[in-house]
Amino acid sequence: MKIDLEKEHVIDGVFRASDDDGLYRKQVEYLYESSPFYQQKLNDAGFASATDVGGLGDIAGLPFTEKDELRKSRTDENAIGGHLAVRKDEIVRIFSTSGTTGTPSYIPLTQSDLDNWITISSRSYSASGVRKGDAIVSTYNAGPFVAGAALEAFAKLGLCHIPVGLANTERLMAAVQLLKPGALALTPSYALHLSEWAAERDIDIFNSTVKRILVAGEPGGGEPAIRQKIEQAWGAKVTEAMGIGDISVSIWGECEEQCGMHFSGAGIVHFELIDPATGTPVPLEDGAEGELVYTHMKHRAAPLLRFRSRDHVRVSVSRCACGRTTPRLRCIGRTDDMLIVRGVNVFPSAIREVVNEFVPDVTGVIAIRPLVTSTKQAPPLPVTVELAQGIEATGTLADRIRARIREKLIVTTKIDLVPAGRLPRTDYKSKLLDWSQAR
């Protein structure tokens, strides 16, 4: 179905495209017909049939789907899980998560699922301003992972895609210097690392051909100080994108106005905003904050209903200057990374954002080092902050950083200043939480 972007709007605090209700009802019927997992889950919740479930306006009455539920539904015979809803011969692609905390999750796609993922990603990346004929270098080792589908959007957009992959900075910079691409696709952490790497070698990246940097994979690209550092180093405009492997890649993509990532999944994915503590709906309005919850609208292989993403975001619904009417957002952090310090919720990325106010005295690279293996932490929260090159540690600077974090986040910290280059860099996702000292 072709979606008329001008008909996308917010109704009673919920974002809907023109025929979302009809798509949703058909999807629920499909779940009852084809998904053993949801047949049982909805029956247990008191819904005997798709008719009982009702329409999209009733979705808040349905139970959430948690990632742990999906893990527990796996068997030796079905490694994907009980939510698998198609025969194996209908699957054309199986991606996986990185599996950093155990056995990876497997994410199957039918051909129509894959096509929908590529469509969503194409909407997301085209918002950045890349155009047919542009050359783009990507650094993700995306082959086995869901990001691989997002990179297929580059071909659909008519871009010349130059995949370089991770852990090869020299090869990447050679591609930039010799092939002269107009865009880069990478994490914000790696974009910052490349700027430091180039500065150490007196390589002029500011005057390179790169004029657009598309960042994704972690929060940070929307933080003003980080964005400014990347743009000033590269002489390029930074836009960010965000998705989630279980639902789709690059569901959100920022336009050239740089005022939040636009929803790119209309007619394919439905999203809600909830209070992460209570699970109650949060109406979509400018400044609203909450956790994203997703529902597939046209998925076949392993569709999900009210899937909790754990991404905590801030929403804008006013019309963007670019003309798009879709809601847009900034990712504040992940609720499963959140710490509670004497009753105050704090996201690691929020601490980094405050520390970045002290550039150029600091590099902006930090490490939060909790002392106990628990979400709840007693103050002061240990935070290591890296100094900029040539800057010496002083009690005054540490006190200023500590006071600013207390002022903005209402959290008491212990600031440990370390010399430039002491904290690790990464060519993929940064890790702001260091649990090595936790007991």
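A cavity is a set of grid points where a 1.4 Å probe fits but cannot get out, and its volume is the space filled by probe spheres set on the points. The exercises below concern a predicted model.

**Exercise 1.** Determine the volume of the second largest cavity and describe its lining.

*Solution.* 
1. The volume of the second largest cavity is about 50 Å³.
2. Its lining includes Ser 124, Tyr 125, Leu 214, Glu 240 and Gly 253.
3. Helix H5 (111-126) and strands E8 (212-215), E9 (237-244) and E10 (248-254) each contribute at least two lining residues; the largest share, 3 residues, is from E9.
4. Sorted by class, the lining comprises 4 nonpolar, 4 polar and 2 charged residues.

**Exercise 2.** Describe the largest cavity and identify the residues closest to its centre.

*Solution.* 
1. The largest cavity holds about 140 Å³ of space.
2. It is lined by 16 residues, of which Leu 70, His 83, Tyr 106, Ile 107 and Asp 246 are the closest to the centre.
3. Helix H4 (67-72) and strand E4 (106-109) each provide at least two residues of this lining.
4. The lining consists of 8 nonpolar, 4 polar and 4 charged residues.

Key
Residues numbered from 1 in each chain as written. Predicted model: local features only at pLDDT ≥ 70, side-chain atom pairs only at ≥ 80, totals over all residues. Heavy atoms only, no water. 1 Å grid on protein atoms, 1.4 Å probe; cavity = no way out; pocket = protein on both sides within 12 Å on 5 of 7 lines; lining within 4 Å. Helix = DSSP H or I, 4+ residues; strand = E, 2+ residues; numbered from the N terminus. Nonpolar A, V, L, I, M, F, W, Y, C, P; charged D, E, K, R; others polar.
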